[in-house]
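Biologist: I'm new to this one. Please walk me through it, starting with the helices.

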Amino acid sequence: VDNANTNRRGLAAAPLVLPTWRLVLLLFAAGHLFRYAIYAATFRDLSVGAYVDAICVWDCPSYLDVARDGYDLAPTHSEFAGRANWAFFPLYPILLWTFTTATGATFQVAGYVISNTLTLIAAFAARPLFERAPGAYWLYLVMLFLGPFAVLVATVHTESVFVLFTILGLVALQRGHYVWAGGWSALLSATRPTGVLFTFAIVTQVIVDHLRSGQHLLALPKAVLGNPRLLLGLLLAPLGLFLYMAYLRWHVGDGLSFARVQIAWGRELGNPLLYLIRGLFPPAPLSLVNAIGLAWAVGGLIGLLLCVVLLVQRQYAAAVFCTLALLVSMSAGLTSVLRFSAGLAPLGIALAIMLCRWKPLAVLCAALLVAATIPVTMGWFRMSWFLM
Amino acid sequence: MVPDVMAHGARIAAYAAAGLIGLFELGVLVALANPDVSADYRRFFIDRTTNCWTRDVAGERRFGQTIDMVIAEGTDPYRHAGSLMLVCGWLSPSGTGTWSIGPEAALRFDTSAIKGDDHDLHLELLPYVSDTHPTQRVTASVAGEEVAALTLDKNSLRQQTIHIPARLVDAAPGGKLDLWFAFPDAISPQTLKINDDNRKLAIRLITLRAEAIAK
């Protein structure tokens, strides 16, 4: 039993008879069955193929499109003027294409397999992040596999990849492996626009480690330059984004087209806090559109509050990364912020650790989260705008 | 920070790798500052002097018929026939009509089969107005020549007519006549403090009918 000595407190202490990996697999399988049951009950349909189709909503078709046909040369989207698929970062489509080419599977099935496999790996990889609160690990796994936003990491979206590389990056930082952290960050930066912000998490950890070692802040530049591994890690961190920008410069003629194309979705850069306040205080009476905006704003607010929790837990690197990721996302409006918050792994980890301080509360929250999964997953299948 | 202990060769290799990556990233930054793009791309994405990225649509050719620009819920807006004329500056047809978005928009008509007639375009439309933003001015032009100037408010008739002379119809390049609208008073729901939507709206089309005027 590999965790017999590690789980002395919290949720996991009592029920751990099975080895950890079996319990992880059990929760993973339970999550699949749960979502499938929700699908079957919602649509009165037992077809697995239809289930895989139904789970592919919102950004899913765009990632499939990039994997199948590559990037547009110019906006050619039939629906909206100016829309092109440059906003969808390349790492996930590359994985889709590779898997499909190797196995002959459809892109949709490939995406389903990739997302779920990477999420499972993320679950195992996250274990070292719970060294100080091992019981919270199980609550985090419940959230990851059975929670209301578990559907996000199970579908053809980048959340599974993002969660995995974030966790691997944080584990690398925890162990002082800056080159590895830079490598995972490079992959993050090729996954989503906010991935490059993990570079700041590395910088934060470098500063924290530097100060903890008793050195003066002014000595930091010299220490960085004198440490080739650290220097390499920092320069590696944004490499995925730079490679994508170089490709876009060659393919489209503009390396920033991934950012500029946002205007075709009506997204304009603005003050994220103003967007948040407007979303939180919509004019009365509450229309459906404003209710959706309110839900997104609440998701963003909870995300920011969990960033404060990360700070309190002294997870400075994760706090900086999540705060910046949320603020950058919200600077283009509140659309999808609920989803972005749910896809930031450190926030879920912080929540699990916080809740596990009080065992009954943790059990109650786990039950509530699983209960909330039913309406949220149904909403996902029905393409509810609240979950966009 | 724990001092890094590395073999001399490994240090050199790490510095070399870091240097190469740094140089590459610097090169990309330089390339970013000099985009090599078309004039249309520059106007739309970089200078932001237009909100119109023109779609190469076929153009409406059902002259004399009323085209519904409101679609039933569940209908795919871009399989809706009315979308064949939406060149740019319009949201997808919806249950409330086809909304303009931004300060300009264009509709396309396939005039390849018609020659020599003046045409009237009958628009049933509603302006996006409120108590604090009571009017919407709309100008329409073909090939740079203004053909209509409207000022709409909440009491305006829903039915408006735009007259297009035969010479403009006949001169349409490739038999594609683009009717451009300018909306100087377009305003967003966000500015009107209605919701967080920052898209600038001016009018919504309900129906549309283009027909030749009998001589």
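**Helices, strands and confidence**

Modeller: In this predicted model, helix H3 (residues 60-69) of chain A packs on helix H4 (residues 91-103) of chain A at an angle of about 60°, with the axes 8 Å apart. Helices (H or I, at least four residues) and strands (E, at least two) are DSSP runs, numbered from the N terminus. Axes are fitted to C-alpha atoms, for helices over the stretch in contact, and angles run from 0 to 180 degrees between N-to-C directions.

Biologist: Is H3(A) roughly parallel or oblique to H4(A)?

Modeller: The angle makes H3(A) oblique to H4(A). Under 35 degrees is roughly parallel, over 145 roughly antiparallel, 65 to 115 roughly perpendicular, and the rest oblique. The crossing of H3(A) and H4(A) is right-handed. Right-handed means that the near helix is turned clockwise from the far one by less than a right angle, left-handed anticlockwise.

Biologist: Which residues make the contact?

Modeller: H3(A) brings Tyr63(A), Leu64(A), Val66(A) and Ala67(A), while H4(A) brings Tyr92(A), Pro93(A), Leu96(A) and Trp97(A). Contact means heavy atoms within 4.5 Å. By class, the contact of H3(A) with H4(A) has 8 nonpolar, no polar and no charged residues. Ala, Val, Leu, Ile, Met, Phe, Trp, Tyr, Cys and Pro count as nonpolar, Asp, Glu, Lys and Arg as charged, and the others, Gly among them, as polar.

Biologist: What about H1(A) and H6(A)?

Modeller: The axes of helix H1 (residues 20-43) and helix H6 (residues 134-146) of chain A come within 8 Å and cross at roughly 30°. That makes H1(A) roughly parallel to H6(A). The crossing of this pair is right-handed. H1(A) uses residues including Leu23(A), Phe28(A), Phe34(A) and Arg35(A), and H6(A) uses Trp138(A) and Phe145(A), among others. The contact of H1(A) with H6(A) has 12 nonpolar, 2 polar and 1 charged residues.

Biologist: Switching to chain B. How does H1(B) pack with H12(A)?

Modeller: Helix H12 (residues 228-236) of chain A and helix H1 (residues 8-32) of chain B pack at about 25°, their axes 9 Å apart. H12(A) and H1(B) are therefore roughly parallel to each other. The crossing of H12(A) and H1(B) is left-handed.

Biologist: Which residues meet there?

Modeller: From H12(A) come Pro228(A), Leu231(A), Leu232(A), Leu235(A) and Leu236(A). H1(B) contributes residues that include Arg11(B), Tyr15(B), Ile21(B) and Glu25(B). The contact of H12(A) with H1(B) has 10 nonpolar, 1 polar and 2 charged residues.

Biologist: What is the strand order of the sheet in chain B?

Modeller: The open sheet of 5 strands has the order E2-E4-E9-E6-E7 in chain B, with antiparallel pairing. Two strands pair if DSSP finds at least two bridges between them. Strands E2 (86-88) and E7 (145-152) of chain B stand at the edges with a single partner strand each, so one side of each is left without a neighbour in the sheet. The twist averages 25° from one strand to the next.

Biologist: How many bridges join E4(B) to E9(B)?

Modeller: 7 bridges join strand E4 (residues 104-110) of chain B to E9(B), and the two run antiparallel. Ala106(B) stands opposite Trp180(B) in E9(B). Strand E6 (residues 136-142) of chain B pairs with strand E9 (residues 176-182) of chain B in the antiparallel sense over 4 bridges. Ala140(B) faces Phe181(B) across that pairing.

Biologist: What is the mean pLDDT of chain B?

Modeller: Chain B has a mean pLDDT of 89, and 92% of its residues reach 70 or more. pLDDT is the predictor's confidence in each residue, from 0 to 100. Chain A averages 90, with 94% of the residues scoring at least 70. Over residues 1-17 of chain A the pLDDT is below 50. Where pLDDT is low, the predicted coordinates should not be read in detail. The predictor gives the complex an ipTM of 0.87 and a pTM of 0.83.

Definitions and conventions:
Residues numbered from 1 in each chain as written. Chains lettered and ligands numbered in written order. Predicted model: local features only at pLDDT ≥ 70, side-chain atom pairs only at ≥ 80, totals over all residues. Heavy atoms only, no water.
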